There are 2 protein chains.
Amino acid sequence: MNDFERRNLPLFPIGIVMELTELSARQIRYYEEQDLIHPARTKGRQRLFSFVDIDRLLEIKDLLDKKINIAGIKEIFLQRELEQKEKEIVLEKAKQRLSDKDLRKKVLREVTQQKPGQTHSLIQGDLSRFFH
Amino acid sequence: MNDFERRNLPLFPIGIVMELTELSARQIRYYEEQDLIHPARTKGRQRLFSFVDIDRLLEIKDLLDKKINIAGIKEIFLQRELEQKEKEIVLEKAKQRLSDKDLRKKVLREVTQQKPGQTHSLIQGDLSRFFH
DNA sequence: ATATGATGTTAATTTTTCTAACATCATATT
DNA sequence: AATATGATGTTAGAAAAATTAACATCATAT
């Protein structure tokens, strides 16, 4: 299990979260109702919060202290999410480029390599016009 | 809050601990009865487990799998505890020696230093017999 | 002055956990 | 082989914690 997964495990009942965040149950449930958090549930429908949920609650608290209202907080979180997706796409593409490069290298090696028993390099044969 | 404190926070209800450790409530409560763990309690006397408790439960599980009985496990934990105390004492003494050395250095500096306006070093006066 | 947003409070219900007692099952002892 | 012991399962009844829903309050914006 990696760090991401660990931080997203549903572990904490609302009572503990109340203590850790110094928020009331009413506040926590209201923020969920407003789609600011999405805690997991037990079979019996009791909320279970992750570290990520708790961090988010603490941030909500900070932003409310700064007189930002729930709509504002929702927008902030939304923008961050988009930003995050943007980054993931860039990363994804970079990764793809890397593995493409790798692949080209491999193919080139395959094709130019003088294997034992081969009388001449392929690059001097049929495929020579593809690699310069 | 440091790492030690964080790992000792009472956070998890027994249901979560059951999932994380794959132990039954009966087993967990029995190990407490046998003094292998000492989870905290809520006001209402419900158990709250820390990361340390969970690690310990996982170790108990391992040792039981190795056919070591509860008495054996208790002894292992006890010895580890003594070992730990031993180490703490050694560390404590080392620390003490260090600060003693510091103190002696300071006193020496104080006493041997020629302050502006002083006609002669103290070390040549009344205290000279203490520092060689 | 009124409407709205965020939170408090309460009641009834459901879920989770508690303790205590008795049951089971494997392993060690006689 | 019969019996004792240690670890765990199961059950029942009680207590604690969490849920939803409704109504109340209070500050702030219109």
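This is a predicted model: local features need pLDDT of at least 70, side-chain atom pairs count only at pLDDT 80 or more; totals for chains, interfaces and linings use all residues.
**Chain A, whole chain**

Select chain A and colour it by secondary structure. The chain holds 5 helices and 2 strands. Their order along the sequence is α-α-α-β-β-α-α. Chain A has 132 residues, and 20% of them count as buried.

**Helix 4 of chain A**

Next, select residues 51-65 of chain A, which make up helix 4. V52(A) belongs to this helix. With a relative accessibility of 28%, V52(A) is classed as partly exposed. N8(A) and V52(A) are separated by 44 residues in the sequence, yet their C-alpha atoms are 5.9 Å apart in space.

**Salt bridges of chain A**

How many salt bridges does the whole structure contain? Over all chains, the search finds 9. To see one of them, show the side chains of E32(A) and R41(A), which form a salt bridge with an N to O distance of 3.4 Å. Are the two partners buried or partly exposed? E32(A) is buried, its relative accessible area being 16%, whereas R41(A) is partly exposed at 30%.

Move on to residues 70-112 of chain A, which form helix 5. R109(A) sits in this helix and is partly exposed, with a relative accessibility of 49%.

**Chain B: from helix 1 to helix 4**

Switch to chain B and show R7(B) and D55(B). Their side chains form a salt bridge, at 2.4 Å from N to O. Which elements does this pair join? R7(B) is in helix 1 (residues 3-7) of chain B and D55(B) is in helix 4 (residues 51-65) of chain B, so the bridge ties together parts lying 48 residues apart in sequence. Both ends count as partly exposed: R7(B) has a relative accessibility of 32%, and D55(B) has 39%.

**Chain B: helix 3**

Select residues 25-33 of chain B, which are helix 3, and pick out its buried residues: A25(B), I28(B), Y31(B) and E32(B). Look down the axis of helix 3 of chain B: the buried residues fall within an arc of 135°, so they line one face of the helix. The spacing follows from helix geometry: an α-helix has 3.6 residues a turn, so residues three or four places apart point the same way.

E32(B) makes a salt bridge with R41(B), and the closest N and O atoms are 3.4 Å apart. R41(B) is partly exposed, with a relative accessible area of 30%.

Finish at D35(B), which follows helix 3 of chain B. Check its backbone: the phi angle is positive, near 65°.

Technical notes:
Residues are numbered from 1 along each chain as its sequence is written. Chains are lettered from A and ligands numbered from 1 in the order in which they are written. Side-chain values use heavy atoms; hydrogens and water are left out. Helices (H or I, at least four residues) and strands (E, at least two) are DSSP runs, numbered from the N terminus. Buried means under 20% relative accessible area, exposed over 50%, partly exposed in between (1.4 Å probe, protein chains only). The arc is that of the directions from the helix axis to the C-beta atoms. A salt bridge is a side-chain nitrogen of Lys or Arg within 4 Å of a carboxyl oxygen of Asp or Glu.
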